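Hi there,

Here is the structure I promised to pass on to you. Please have a look at it first, and then read my notes below.

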Amino acid sequence: MKHTDFGSMPCPIARSLGKVGEWWSILILRDAFYGLTRFDEFEKSLKIAPNMLTRRLAGLVEGGLMERRQYSARPPRYEYVLTKAGRDFKPVLLAFVAWGNDHLAPEGASLLVVSRETGKPADQVLVDANSGLAINDEDYMFAPGPAATEVMRSRLIQINQGGQRA
């Protein structure tokens with residue numbers, strides 16, 4: 001099935017989904033953060049068909065989230081490591097952990113983010129690095145960026161005048 005190409009859309013959410021919006025891709029990135037790098041490790045962890053894994057890894061390499069590196073010449077073997085763009089995806093995965101634990105785990109959390117020092121679970125919030133304040137609906141809203149289209153600008157004006165918030 002051919003997927004829609006979101007690369008030319010001005011929305012950063014749409015563009016991001018174009019790179020990682022398929023669930024296997026996100027699970028491969030998760031496993032890469034767990035330290036997996038080799039094809040057979042991903043295949044075993046995810047129980048994914050080799051042809052599907054090959055396509056997803058190629059997409060992540062093409063999308064700039066992973067890099068394919070040769071680690072053995074005879075026979076030729078490759079590993080897949082996170083690029084800077086891939087490592088920058090970590091906050092998105094952390095948000096999935098928090099949201100999934102809060103809304104999809106009636107039996108309790110199976111994965112926590114904890115302090116290395118204390119071992120206590122983190123209470124994740126999105127923070128503005130400039131002010132140190134938690135980003136919330138009362139103090140923050142969506143606003144058009146320099147590359148916003150007129151459609152996006154109009155939509156955001158309408159949203160912000162209607163009282164809807166980020």
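This is a predicted model: local features need pLDDT of at least 70, side-chain atom pairs count only at pLDDT 80 or more; totals for chains, interfaces and linings use all residues.

Met 66 stands opposite Leu 82 in strand 2, and Arg 68 stands opposite Tyr 80 in that strand. These residues belong to an antiparallel pairing of strand 1 (residues 66-72) with strand 2 (residues 77-82), which runs over six bridges; two strands count as paired if DSSP finds at least two bridges between them. Together strand 1 and strand 2 make a hairpin, with four residues between them.

Residues are numbered from 1 along each chain as its sequence is written, and side-chain values use heavy atoms, with hydrogens and water left out.

Now for the whole chain. The protein chain has seven helices and two strands, where helices (H or I, at least four residues) and strands (E, at least two) are DSSP runs numbered from the N terminus. In sequence order the pattern is α-α-α-α-β-β-α-α-α. The radius of gyration of the protein chain is 19 Å, well over the 15 Å that the globule rule gives for 166 residues, so the chain is more spread out than a compact globule. That radius is taken over C-alpha atoms, and the globule rule is 2.2 Å times the number of residues to the power 0.38. Along the principal axes, the C-alpha atoms fill a box of roughly 65 × 45 × 30 Å.

Next, the helix packing. Helix 3 (residues 39-46) packs on helix 4 (residues 50-62) at an angle of about 120 degrees, with the axes 10 Å apart. That angle makes helix 3 oblique to helix 4. Axes here are lines fitted to C-alpha atoms, for helices over the stretch in contact, and angles run from 0 to 180 degrees between N-to-C directions; under 35 degrees counts as roughly parallel, over 145 as roughly antiparallel, 65 to 115 as roughly perpendicular and the rest as oblique. Phe 39, Phe 42 and Glu 43 of helix 3 meet Pro 50, Leu 53, Thr 54 and Leu 57 of helix 4, contact meaning heavy atoms within 4.5 Å. In the loop between helix 3 and helix 4 lies Lys 47, which has a positive phi of about 55 degrees although it is not a glycine.

Helix 2 (residues 23-33) also packs on helix 4, at about 75 degrees and with the axes 10 Å apart. This makes helix 2 roughly perpendicular to helix 4. Trp 24, Ser 25, Ile 28 and Leu 29 on the helix 2 side touch Met 52, Leu 53, Arg 56, Leu 57 and Leu 60 on the helix 4 side.

Finally, the axes of helix 2 and helix 3 come within 11 Å and cross at roughly 115 degrees, which makes helix 2 roughly perpendicular to helix 3. From helix 2, Trp 24, Leu 27, Ile 28, Arg 30, Asp 31 and Ala 32 make the contact with Phe 42, Ser 45 and Leu 46 of helix 3.

Best wishes
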